[in-house]
Structure formats: C-alpha cells, structure tokens
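Work through the exercises below with the coordinates open. Each task is followed by a solution in steps.

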Amino acid sequence: MTIESDDEVTRLDESSDEETPEEEAVISKQQKKKLLKKEEKKKKKAAVNDISDAFEFDDDSSFKGPTGCSWDFTKAIAHIDSMERRAFGESNRTTVQTKIETKRKERQEARKEQKRIEKADSKVAEAQNEEDSEKDEEEDDEDDEDDEESADVVEEKKLQQALQERKQTQAIEVVDEVERKKAEAFFETEFQAPHLDEVKSFSDLKLSRPLLRAVSSLGFDTPTPIQQRAIPVALTGKDICASAQTGSGKTAAFLLPILERLQFRSRRVAATRVLVICPVRELATQCQSMLEQLGKFCDITCALAVGGLPLREQEAELRACPDVVICTPGRMIDHLRNSKSIHLDDLEILVLDEADRLLELGFQEEVQELVKFCPIARQTMLFSATMTSKVDELIKLSMKRPVRISTDPLFDMARHLVQEFVRIRPQREDDREAILLALCTRTFKTNTIVFMETKKHAHRMMIVFGLAGIKAAEMHGDLSQKERLEALQSFRDGTVDILLCTDIAARGIDIEGVHAVINYQMPKDVTTYVHRVGRTARAGRNGRAVTLTSENRRLIMKEVARHCHGFVKSRSVPDAVIAQWKKRIESMEDDVKSVMKEETIEKRIREAEKDATRATNLVRHKDEIASRPARTWFMTAKEKKEVAERAEEHRKANLFVQDEDDKPDRKVKLNHKKRKIAELREREEKALEGADDSGNKKVFTAQHVAGAAKSAKRKAIEAKRVLASTSIAEIHEMKRQKKEKAMQRKAAKGGFDKDLSEKRDAAPKKKKAEANGEFVFKEKITSLRKQGKRSVHSFKSKARYNRRK
C-alpha cells in the first residue's frame, strides 16, 4: 500500500486524460493478424502483479479476458416493449432527456443576455469583490478556530471507536472459532478435483464440442482460476460453495457445467432441470443473455421469470417447461403458488448467484420457500464475491457435504485497481455535488459509474448532469424494467458517458471498458464497497475507484486499505473549481424543480392511462376474472412487516460504522460523579430552554460555575497573603472585635422579638436567584489536605527535634 501526494495524482490525471493519436496506414490482413498475435504475446508476458506508475485507461483494443462482456439487452428491451404494448397499449410520452435539453437551451440564451448585462456592471462588481474578499478572510480565520476546537472532539471519538473495535474483534474471534469447528464437520475436505494443475485451456476441462466452439467464438482462450477449479467439481455433481474476485468469470464457471450436463438429458419429455436464482432483475437478464451466447450451438431452451413484466406472458413461457429458468425469488414463488402446471419436480441443479445477498434477512425467507419446492436429490451451487461463512445458513439450504472453493480471500479486490479517497470535512458536506461534477468534467469524462445512496438523489443528479451538458443515464428501483435495461444498454453502447445508479447495479453487472467507479458516499460496510468497486478493473484490466469519505466513515477506509493490493492515493479538488460548480448548481435549482414537476404530472397521466386500461379489461373480461382463484403468498402482511424490521435491525447491527442517527439509545450505568455531572447538564439545558421561552437571558451554567470557582480560589489566596502580612497582635484584635459584635447582636435580641405562633420547622427562605429557578453556586472551596483528619499512624516529621550539627 502506497499513499502518494496530490501532485502525483494530478500528474496521473493529466496522463489519463491525454489521448494518443492513432496512426493510419494501409496494412494487409496477414500483417494485421501477425501484429495482433505479437500484441497478445506481449500482454501475456507483462507482469500482472505490479501496476506501472504511468496509469492509463484501457482502450477498445485491450485484452478481453474470459469475462469479456458478451451480453446484449436489445432483444430483452424489444420483448418487454411488445409485452407492454399488448397489455397497456401505446402511450404518448416525452423522455426526461428532451425536457433537460429544452431547459438547457433556455439557460444558454439566458446566459448570453446575462453576459451583456455583466459587462455594463463590471465596475460595480469589482468594488463589491474587494469587500467580499475582506469578509472571506475574516470568515476563514473563524473557520480555523472552529477546526481546532473540533479536533479535540474528533480525537475522543476515535479513542471510543478504537475501544469498541477491540471488543468487537474479541467477540468475533470467539464466534469464528465456533464456526470453524462447524465448518470442519459440514464441508467436504478430502475431495480433490482431477487434474487441476494441468488445465491450460477449455479443451482440458473435457467440455463438448458445441461449448468449445461457443467459447472460442466469444474470444475466451484460457479459463480463470475459479473456472479451473469449479467446472471439474461441478461436472461430478458435487455441491459447491465458491467465492472469487469480482470480474473473475463466476457466471461462466456455473453456466458451462450446466450446459455440459444438459447435453446428455433425455429429450422424450420436456422438463425444467436447472433453476438459477439472482437477487436483481438486471443480473438475471444478463445471466440469460450469457447463457444464450454460450449455448448458441446447443438445443437448450431458457426462460426469464423476473418482476416488472406481465405475468401471463411469463406463465406461457414457464408452462412450456424450458430446460433452464433464470429468476428472482419473489416472482418465481408467485408463479409456483398461483400459476397452474408450473412446478420444479424434475429439478436437478439449483444455483444461487450472489449467494451472500440471497442469504441475508429479507431474501432468506423467500429463498428457503423456493428450496421447499425443489426436490432433495439435487445439486446446489453457491457463487459470490464475498461468500458467507455461517454454516447454519447453508444447512437450511439442505446442502450435502459441499466442496468449498475459494481462489481469493474475503473482501479481496483486483490487483489492477487504483483506489483514491477524497476527504470531506464536516463543515463542507454541502460541497459533495460540486466535487462530483468537477471530477466528471475534468478527469472521468467517459465510461464512469457513479453510485448514489438514494433513488431521489440519483434522479436529481441526472437532471443536474444533463443541465451541465454531460451525457448521463440513471438506474434505480423507481424506474420500470424497460427503462433500467435501456439505461444499461445506452451506457454499454457509449451513447451515455456516465451511469448514475444505486446499489441495484453493484452486484454482478458486467460492462466492458468501465474506466472508473465513483462512490458519492462511503458505503456503510466493506462488502458493499467491494461489490461496487468490482464494476471496474475486471478480467485483468486497469481501473480506478474514487470515494468521497467523511470523518465518521474513515474507519471503513482503513479497513478497505488493509485488503487492497493496488495503489491507495489521496485526491484533492481545487477550491476555486468547487466554488465555481457550487455557484452553477445554485443557479440550476429552479430548472431542476420545474423538470421534476413536469415529470410528476406526466407520471400521474401515465398511471391514469394504465388504470383506465385496467378498468376496461375488468369490464370486458368480468366473468373470466371472477372465476380465477385469488393470488396467495406464503407470508401474511404482518409477517412481511416483521421480517422487514428484523432485516433492518440486523443490517444496522452488522454495520462497520454506525451513523449518529442510527445509533440506538442505550441506558448506561453511571457512577456517582458522572451522574452528578449529567444532572447538572440536564438542569442547565432545562434552565436555558426556560430562559428562551420567558425571555430571561441570565442563566447560571457550568461555565459560570467554573468562573465562580476560579474567583473563589483567587479570593482565598489573597486572604492568605493578607493574613501572612498581618502581625499576631492585629489578628488577636480582629478576633476580639468579632466576638464583641456577636455579643452585641445577641444582647440586642430580646425574648419577645420571636413570633411564637410560627412553626419551628419552617423552611428557610430562598434567595432571589434560587426562587427564580436559577442555579446558585453553593460549593465551598476548601483545601482538602488541611481539612482531612490525620490518622494516628500518619507520618510526622521529626526534623525540628534533630540536633543541629
């Protein structure tokens, strides 16, 4: 791990932005082939472990590994479009891009007019700028003072976090020991795949000719480590738990053995023999397109069962009993429970892609329900980049002595990935959008994926990017299935430079030539970070990941740095550039709001159209709909809510760093001293609130207590000095006068001065300040050393009794 300076990063940016001009020359086909072979040999000989300092993005001519992007969503988009037209009919609709373009043209015209006005008012602006600069200098001085005060608070927080980490690690070590013993009994340890060291090409894996032909047509030469280990084991029919780096070819590692085994199926009766479960619709669609590419020379049929598409069309496809079904868990359960003649009785292979996500709370219940529909005598394969090690979760899937295959350690990232972190101070959280736009316009201009935290923010940033003249597309859960696939396809084709998305695209999505990944905010756990960053630097290519980190998530950054093989660098964006973009974003706010308003109106119209078509269908096919049985689900609404709440609690408990808002309020036992301080603080807060309500500004707080203590101490020291300077005769005279005054006061009071009708135990009168509810300083400051009583055995100096020599 090497942390380089910001100057080196800027040099690196300049080198990455420069484009080398291509030499145009007329070359024959044979010469071209020779040149290509030489280039491939050079690339193979190049060292994989080290990254050169002169980092450059890969061009289109770069080496395409065995996970090269071979999928295409055009067929899926056309299929969805035809389904929607049949179900709902055509609807007149304008895209968001057209709205943004119109607003952008309006802004350009307004900008030209503004420039003319600015030329006339340039003299007035110069005078105002001088005044503003003086004010900014004063504000900067104030900011520096605030930073010094906040530094102490940050240090205390770091110490507390370090103590919490130590306790967590101790607890984890105990759990890991228990899990290790369980794993020894559960996993197959003696099994070894045949001839693993001798595998140098796909032909060595004993695959059939149609598959080898398809593999060679896709440009795959040598299998990756996960493919070398997983394919022979899968062909034997053993259960597998496999984990490998993102972009290492896990999809082909389970699709190739599936296709090989299906070559020898009985063709007398059509039956569904393979079920592949994916957590996200896009991943399922990508998996289907990959299967079609690998099985194009075979007679294997495939169907897709995901949400967001019409049910009737999918029912017809599933009733035909395709050989392979690729699905998301929710939609498949719906079909199995409510659609007739759809079953999994003949299932032979069950695959869980991104298994760790599927085994999390929320998905786990649905996956377990799906497993109940599958026969016990089957092969189960689990694949993920961050595989779970909890044996209890795997036992629930009824796996039989699975073989554990791991080519890389947990949370491992690509060796050719350069990771950069932009530090954002607490006072400058509002600069995130400006920093993102600065990065996307200066350095990462094309083939960049930006991960946002929320769907609304991703949509807002897409509008801002469009108004700024950047070609961007959005992808999140609020979009329809067709819109999501269109966004991915446009980014893949290059019509769009930047893809703004949520964690929906963090897992499994393989897009060729992604230069960089930008995290708008540091993820709350390392697993999410690994999957996000895995969209770049795939299959031996170079890539860069930039993350905007705040102070409360710096510990995750340190954890990430431990698992990193490539370079870790700090990046900074100039303040002048941030200020410029911040100003531009503020000027765009009105246009952003107007575009969003138009969108909401259009969305309501579209929903009204769909409701109208549904109503007409209900009237036309009333008898048919009434005869259908009601659709059921394996959980009630109350159980669903409970599962969602448990999943949220579990997610927050497993976070590496919790946000301040997410931290639960726990009652902590306090000792006497801390309880006293807490009571004082509560009393002060109440007094301050009362003062604000009543308009009384004078409140006695802890600062006043400290001030009163200092003044009392000062007075005591002065009194001591006065006593030291006075003679013994004067001290006796003062004592005598004090006694005389006390005697006179006593003599002045007679027996009839007291009101005997009053009660003896009457409460003493409160002072004015105490009566008003203010805090009064009552503590008597004394020297405890003098006040404390000496014990009998305490040490006494005998120096004065020693005779002088």
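A salt bridge is counted where a side-chain nitrogen of Lys or Arg lies within 4 Å of a carboxyl oxygen of Asp or Glu. The model is predicted, and by this rule the count comes to 31 salt bridges.

**Exercise 1.** Determine which parts of the chain the salt bridge between Glu348 and Arg273 links.

Solution. Step 1: the N to O distance for Glu348 and Arg273 is 3.6 Å, and the cut-off is 4 Å. Step 2: Glu348 sits in the loop between α11 (329-338) and β5 (349-353), and Arg273 in the loop between α8 (250-262) and β2 (274-277). Step 3: the two are 75 residues apart, so the pair links distant parts of the chain. Step 4: Glu348 is partly exposed at 36% relative accessible area, whereas Arg273 is buried at 8%.

**Exercise 2.** Classify Glu420 and Arg544 as buried or exposed.

Solution. Step 1: their side chains form a salt bridge at 3.2 Å, N to O. Step 2: Glu420 belongs to strand β8 (residues 417-424) and Arg544 to strand β13 (residues 543-550), 124 residues apart. Step 3: buried means under 20% relative accessible area. Glu420 has 0% and is therefore buried; Arg544, also with 0%, is buried.

**Exercise 3.** Describe the lining of the second largest cavity.

Solution. Step 2: its lining residues include Arg319, His343 and Asp346. Step 3: by class, the lining has six nonpolar, three polar and two charged residues. Step 4: Arg319 also forms a salt bridge with Glu315 (3.2 Å, N to O).

Key: Residues numbered from 1 in each chain as written. Predicted model: local features only at pLDDT ≥ 70, side-chain atom pairs only at ≥ 80, totals over all residues. Heavy atoms only, no water. 1 Å grid on protein atoms, 1.4 Å probe; cavity = no way out; pocket = protein on both sides within 12 Å on 5 of 7 lines; lining within 4 Å. Nonpolar A, V, L, I, M, F, W, Y, C, P; charged D, E, K, R; others polar. Helix = DSSP H or I, 4+ residues; strand = E, 2+ residues; numbered from the N terminus. Buried < 20%, exposed > 50% of the residue type's maximum accessible area, 1.4 Å probe, protein only.
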